[in-house]
Amino acid sequence: MSGDRFNRSWTAAVIAVCLCLCAAGQDASQSRPAEALRAEASQLEAAHQWEKAIEIYHRELELHRRTGDRAEQAFVLNRIGSAYDSLSKYKEAIATFEQAFDIVRALGIRPGEAAILDNLGSAWASLGDCDRASSYYRSALAVQTALGNAAGIAGVTSNLATCEVETGHIDNAIALFESALELRRKAGQPEREAPILNNLAAVYVLLGEYRKALDFHQQALALRRRMADRRGEGESLMNIGSAYRGLGQLDDALRHYEQGRAILAEVRDHRAEAVALERIGSLYAERSDYEKAVDNLERALPLARAASDRRNQSAVLNALGTVHHLLGDHRRALAFFNQALPLSAAIADRSGQADLQLNIGATYDATGQTAPAIAAYRAALGLYRELRMPQGEAVALNNLGRALLVAGNRPEAETNLRQALEIETRIADPRNQSYTAALLGRVSRESGKPAESRDFSMRALSLAQQVGDPRAEAAALQQLALTARAAGQVRPAVFYAKLAVNTVQGIRSRNRGLSQDLRESYARRNQEVYRLLASLLIEQGRLPEAQQATNLLKQEEYVEFTRRDANRPAGLAGRADLTSEESAWAARYREASERLVGAGARYSELTARRQRTAQEDQELVRIEKDLEAGNQAFRRVLDELARQLPSKSPAAGLPLKDIEAFGSDLADLPEGTVAIYTIAGDEKLQTILVTPNVRRAYAYPIPSADLNRKIATFREAVQNPSSDPKPLAAELYRMLIVPALASDLEQAHARTLMFSLDGALRYIPLAALYDGRRYLIEKYRLEVFTPASAARLKDEPKADWRLAGFGVTRAFGDFPALPNVAAELSGIVERDAIPGDVLLDDQFSQSALVDRLRRGYSVVHIATHFNFAPGDESRSFLLLGDGRRLTLAELDAMVNPFRGVDLLTLSACNTGVGDGRELEGLGVIAQRKGAKAVVATLWPVADDSTSEFMRAFYRLRQSEPRLAKAEALRQAQLRLLKGEARPAEPSAARGVRRTSADAPVKPRDWSHPYYWAPFFLMGNWL
C-alpha cells in the first residue's frame, strides 16, 4: 500500500520491563558511573544515534555484570535489543532479547517475561516470520491475561493483529484491533488509542476502503492534537495524506504530506521526515513532476541513512530508481535498484526484495538485456510464491513470459502466461488479465493458431473495455489487427489498427502536459502501431490514408522532441480518419464497449472489497451476468465485422483533404517536382511516389533490422575517405529507388525529389546513392521535408540576399580550432559580394546572435561545432564564439528567432541528424522557429572542404539570383565530386577532437562522398 505502516508497541514494552523489575523488589539504584552511562545512552536514543547508544549500554551492562545485578542486566539488554530493532538489525535484536528473557524468566519476573515476549514477536514480525511472531505474541498475551494487565493485553493484542493482517486473516485482525482499542478506552489511555486507530485505518487501506481509513486517521489526529503530541500530529497528517492519495485526491494528499513533513522537521524526527519526503517524492512522480520527485527523494536519502533506517533507505532508493526508469535513464535506475536490494535483504524484507527484482528485470527488459531480465523475473517470482502474494506472482509470470517470448522461447513463455492468466482470473484482476490475454494472442498467432489468437485478443479487448484501460485497449486492438492480417482479413485489420492509433492519440492528447521524457518513452512503445496501420493501408493501395498515418507519427515524434506545451498540441489532436463504413462500425463498437465499461467499473469496485454485505454480493452476481452478456454482445459485433467487411478493398482510399492539398501544392512548385514518402516496416521497405496527379506505392522485401544494419554499414563506409562506398550505395539505391519507381520518375520527368524519410533512413546521405553509373545528386535536385517545413514550401525567396555570418575559429575543450571558418565567412561576404556582417569568436555571443536575427537578414550562416546528444535537447548545443553553449532547449524557448530567414546554413557537424526514432535534429527546430530552409549535415564534416563547399554554394546563388537553392547546393556538391576543388592541408573535423589513430590524412581531392554527401537541404528549396 502507498501509505501506512502498522505500529507496534516498542516503547511501552521497554517501560514495562523497567516497572516490573522495580516491582519485583530489585535495587534500581546503581553506582554513579552506571547512572551516568544510562543517562548518556538515553540522550543518544532520543537523538536516534542508535549505534552510539548501543556502545554506551554495553559499557553499562559490563558494570552490572561485575556487580552481579541480573535484573539490571535484563533491563539494559532489553534496551540494547530495542536499539538494534531501531537500526533494522532484527537478528541482533532477537539474540539480545533472548538473553534478557532468560534472565527475567530465571528471576520469575512475569511482567518482564510478557514485555520481552512481545518484543521478540515484533522482531520476528519485522523479519517477515509472522508464524513465529504470532507464537511469541500469544505467549505474551497469556502472561498479561494471567497478570490482569489491561494495558499490556491491549498492546499485545494490537501487535498480534498486525500478524493476522500479514497472513491474510483480515477479519481476525479487525476484531483484535477493535478489542485493543476498547481496552485502551476503558483504561483511560487516549494517548495510546492513536496507534491502534492508525492500524485500523491501515487495514481498510488494504481493503481499498479509503474513506473508512480517512475517518480513523482523522480520529487519531484529533487525539494527538488534544494531547499536544506534535510528532504524533505530524505522523497522522502523513497518514491522512496517504488516505487521500488512495482516493485519488492528489492535491489534498500533497497538502497533508507537506504539513506533516513540516511538523516532523520541526520536532527533528529525521527518520520520520525521511519517510515523509519519500512519500512526497513518490506522489510527485505519480503526477509526472519528476524534477520535484527527484528533489524530495534526494533530500530523503541522507536523512534515512543518518537514521540508519535500512527499510526507508530501500524505499527511497527504489522510488529513485523507478523515477529514473520512467525518465529513460535506465543506467541510473539500475544503480538505485541494486543499492536498495541488499538493504531489503539485510532486514529480510522479502516483499521489498520481490518488488526490486521485478523492477530490475523491467529495467533490463527496457534496455534489451533479455537474459538478466529473465533471471531477475525468476527471482521475483520465487519470492512472491514464498510470500503467497498471487498478484505479484501473476505480474512476474507475465513479465517473464514476455521476456521469454523476446528470447525466442515460445513454449515456456506460453506456459508462464497461461499460469499468469489463471491466477488473474482466480483473484479477479481483469486489468492484468487483459495484458496477459493480449500476449497469449501474440503467442498463438506466432504458433500458427489464428482462431486461438483471435479468441485471446478479443478476450483482452473486452477486459480492457470492462476496466476502462485505454492502454490495454490499444494493445488488444493491435493484436487483433495483426491476427486479422495473418488471416488475410485486411480491411478488418485496418479498422482495428485505426482504432488502436486513435486510442493512442487520445491518450497523448489528454497527457500533453507530461514531461518530455515520459512522452518520448510512450512514443517508443507505440510507434509500431502507426507503422502497422500505414503498412496495411499501402497493401490495399489506400495511399492518402497511409500518408496520414505516417504524418501522425512524424508529428508525434516532433512533439516529443520539442517538449511542446499544452497550448501547442500539433499532431497530438490528430486522428486517423475513418471511412463512412468504418465510422458506422466504430459507432457499433463504442455502443458495445460502453455497456462493458458501465458494468465493469462497479464490478471492479465490489471485487476489490474483501468484505461485502449480502446485498453487495447479490449485486455482484447481477453484474457478473451483465458482464457475461455484454462480452457476448461485444464479440458478436466483432464477429459480424469480420464477416461483413471484405478482405480486400478497392485501390482508391479515403480522399483526405490534407493529402489532396499537398498534391495541389506540388502542382504549384516548378515542373518536375515530386515527393517520395518512405516507410520502414517490419518486413519491407515501402515508398510512395506523389506527383500533382498520381500516387503510387512500391515495396522492397527486407526486414527492418537488416535494413538498419545496411544503413549503418553504408554510413561507416561513406565516412571513410579511403573506402569505396559504391557497392553499398548501389544496394541501397535498388532498395529505395526500385526499378518501377525509377521508371516512373523518368516518365514524370522528375527533376527535384522531395523526400520524407522514416526511421533510420534519415541517416542515409541521399546524394551518395548510386545507380551503377551515377550518384543520385548527378541526376536530381534533392530536398528533405518534414511537418515543420510543409507550410512554407511554396514561399518565393528574396532575390537579394543579406547575410549575417557567425563563426568560431578557436579551440574550446574537446572541440578543436576551425582555422578555415574565418576564410569561409570572409570569402562569402567579401569576395562573393553578398552584403552582410560577420561576427567571429568573442563577437559571436548569444545576445549578438539574437540582435542580428532581429534585423531581418534573409540568410544566416553559422560555422561552428554542434554537439548532438540523442534524446536530450538540454545536452545538444551549438558552440558559441565566447565558449558558451546554446542548447536546443534554450533555442526552443525563444520566440521564432529565425522568422523571415530564407535560408539558415548550419555549417557544423550532425546538424541534420536525429536518432532514427524521434529526433529529427537541429534543422527541424530551426524550421519550426521560422527558417524557411536549412542546409544541414549528417556527420562531422571536414573544416577545409566545408569552407570551400560553402563558398561555392553562395557564389553560385549570388551569380544567378533566380537559381534555386537546391540547384546551387547540387552544383556545389558536383564541384567537389568532379575534383574541381582541391585541398591544401588536412584539417580538423567540425566535431569532437579525433584521436591520432583516426586523424585525417591529406586527400588528393574532395571527390569522395565523405566531403560532399553530408550536406542536404531541408524545407523550401526554391
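User: Which residue in strand 11 is the bridge partner of Leu879?
Analyst: Arg885 is the partner of Leu879. Strands here are DSSP runs of E with at least two residues, helices are runs of H or I with at least four, and both are numbered from the N terminus.

User: What kind of model is this, and how are residues numbered?
Analyst: This is a predicted model, where local features need pLDDT of at least 70 and side-chain atom pairs count only at pLDDT 80 or more, while totals for chains, interfaces and linings use all residues. Residues are numbered from 1 along each chain as its sequence is written, and side-chain values use heavy atoms, with hydrogens and water left out.

User: Back to strand 11. How many bridges join it to strand 10?
Analyst: Three bridges join strand 10 (residues 877-879) to strand 11, and the two run antiparallel. Two strands pair if DSSP finds at least two bridges between them.

User: What order do the strands of that sheet take?
Analyst: The order is 9-10-11, in an open sheet of three strands with antiparallel pairing. Strand 9 (866-867) and strand 11 (885-887) are the edge strands, each pairing on one side only.

User: Now the helices. At what angle do helix 8 and helix 9 pack?
Analyst: About 160 degrees, with the axes of helix 8 (residues 150-166) and helix 9 (residues 170-186) 8 Å apart. Axes are lines fitted to C-alpha atoms over the stretch in contact, and angles run from 0 to 180 degrees between N-to-C directions. Helix 8 and helix 9 are therefore roughly antiparallel, a label for angles over 145 degrees, with under 35 being roughly parallel, 65 to 115 roughly perpendicular and the rest oblique.

User: Which residues meet there?
Analyst: Among them are Ile153, Leu160 and Val165 in helix 8, and Leu176, Phe177 and Leu183 in helix 9. Contact means heavy atoms within 4.5 Å.

User: How far apart do the axes of helix 17 and helix 18 come?
Analyst: The axes of helix 17 (residues 330-346) and helix 18 (residues 350-366) come within 9 Å and cross at roughly 160 degrees. That makes helix 17 roughly antiparallel to helix 18. The residues in contact include Phe337 of helix 17 and Tyr364 of helix 18.

User: Different topic. What is the phi of Ser308?
Analyst: Ser308 has a positive phi of about 55 degrees, although it is not a glycine. Ser308 sits in the loop between helix 15 (290-306) and helix 16 (310-326).

User: And Asp841, buried or exposed?
Analyst: Asp841 is buried, at 13% relative accessible area. Buried means under 20%, exposed over 50%, and partly exposed in between, with a 1.4 Å probe and protein chains only. Asp841 has a positive phi of about 50 degrees and is not a glycine.
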